[in-house]
Amino acid sequence: MAIDWVHAWPTALAAFLASIVEFVEALTIVLAVGATRGWRYALTGAAGALAVLLAIVLLFGPLLTRIPLRDVQLVVGGLLLLFGMRWLRKAILRSAGVIALHDEDEAYGKQAAALGTGGGGRRRWDAVAVTTAFKITMLEGLEVVFIVVAVGAGGAGLLLPASLGALGALVVVVALGVALHRPLSMVPENTLKFTVGVLLSAFGAFWVGEGIGLAWPGQDWSILGLTLGFLLAAVIAIRIGRRRLAARPSSAHSRGSP
């Protein structure tokens, strides 16, 4: 089936960006497992999780075609909206300085320290290393599967572009991991999460509207307007958060003054 990339490219882009965030987090732990317990165990665990995830996509992806499109759009759109707003909220709080930025180097160091006492290289089978790599890949991969299925459920023929976007993200992250052999700390994760949160929220709102029968002006082009709306609201929220954070010390000082 030919893909109409005029309408499919936003789906592929959203899946690509969201998947990169999840794959980077998984790669950080897999690299820590490989460096401390042995690469054979790390790759075995990660490969096993990827095989399970592929089976889930092949099983549940085609089932979506048997459900009325509006029902899928309403349910999945609502879930996608909640998922995107969760990411966007955290990205806003981090950008405003309310909570600390996520540090991949720190996560790598903690995981490496926790695993470093096992001496997995001399064992025939290191269950701890394999299980750790499997669990983190499954955890982050399930979120990727959800994103792919969700953004691909918005219309006929969109599951393949969404899958290609996620696959492209996997290839990019794995290639960088092989080349660098260290956490991808240079990736601006909060910027990615901010962007993805905006995109997923826009897609979710659009498909909820489609599910309830709302006639969007401009049809698919309304996604662009929704994206700009969420982006503007997020930027305003960041500025408000920064102002309130900056005002806290002065207000506390004024209350303590005689």
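The model is predicted. The chain holds eight helices and zero strands. From the N terminus, the order of elements is α-α-α-α-α-α-α-α. Of its 258 residues, 44% count as buried.

Two packed helices are described by the angle between their axes and the distance between the axes. Helix α2 spans residues 39-60, and helix α5 spans residues 127-152. Their axes come within 7 Å. The crossing angle is roughly 30°. Angles under 35 degrees count as roughly parallel, and α2 and α5 are therefore roughly parallel to each other. The crossing of α2 past α5 is right-handed. On the α2 side, the contact is made by Tyr41, Ala42, Thr44, Gly45, Ala46, Gly48, Ala49, Leu50, Val52, Leu53, Ile56 and Val57. On the α5 side, these residues meet Ala129, Val130, Ala133, Phe134, Thr137, Met138, Gly141, Leu142 and Val145. The residues of this contact divide into 16 nonpolar and five polar. No charged residue takes part in the contact of α2 with α5.

Aromatic pairing was examined next. With ring centres required to lie within 6.5 Å, the count comes to one aromatic pair. The partners are phenylalanine 206 and tryptophan 216. Their ring centres lie 5.6 Å apart, and the angle between the planes is 25°. Planes under 30 degrees apart count as stacked, so the pair of phenylalanine 206 and tryptophan 216 is stacked. Phenylalanine 206 belongs to helix α7 (residues 189-211). Tryptophan 216 lies in the loop between α7 and α8 (222-256). The two residues are ten residues apart, and the pair links distant parts of the chain.

Helix α1 (residues 5-37) contains arginine 37. At 5% relative accessibility, arginine 37 counts as buried. Its C-alpha atom is separated by 8.8 Å from that of valine 128. Along the chain, arginine 37 and valine 128 are 91 residues apart.

Alanine 26 is also placed in helix α1. This alanine is buried, with a relative accessible area of 7%. From alanine 26 to methionine 138, the C-alpha distance is 8.7 Å. These two residues stand 112 residues apart in sequence. Neighbours within four places in sequence aside, alanine 26 is in contact with Ile136, Thr137 and Glu140.

Threonine 227 has its place in helix α8. A relative accessible area of 15% makes threonine 227 buried. Residues up to four places away not counted, threonine 227 touches Val198, Leu199 and Ala202.

Key. Residues numbered from 1 in each chain as written. Predicted model: local features only at pLDDT ≥ 70, side-chain atom pairs only at ≥ 80, totals over all residues. Heavy atoms only, no water. Axes fitted to C-alpha atoms, helices over the stretch in contact; angles between N-to-C directions. Helix = DSSP H or I, 4+ residues; strand = E, 2+ residues; numbered from the N terminus. Parallel < 35°, antiparallel > 145°, perpendicular 65-115°, else oblique. Left-handed = near helix turned anticlockwise from the far one by under 90°. Contact = heavy atoms within 4.5 Å. Nonpolar A, V, L, I, M, F, W, Y, C, P; charged D, E, K, R; others polar. Phe/Tyr/Trp six-rings, centres within 6.5 Å; stacked < 30°, edge-to-face > 60°. Buried < 20%, exposed > 50% of the residue type's maximum accessible area, 1.4 Å probe, protein only.
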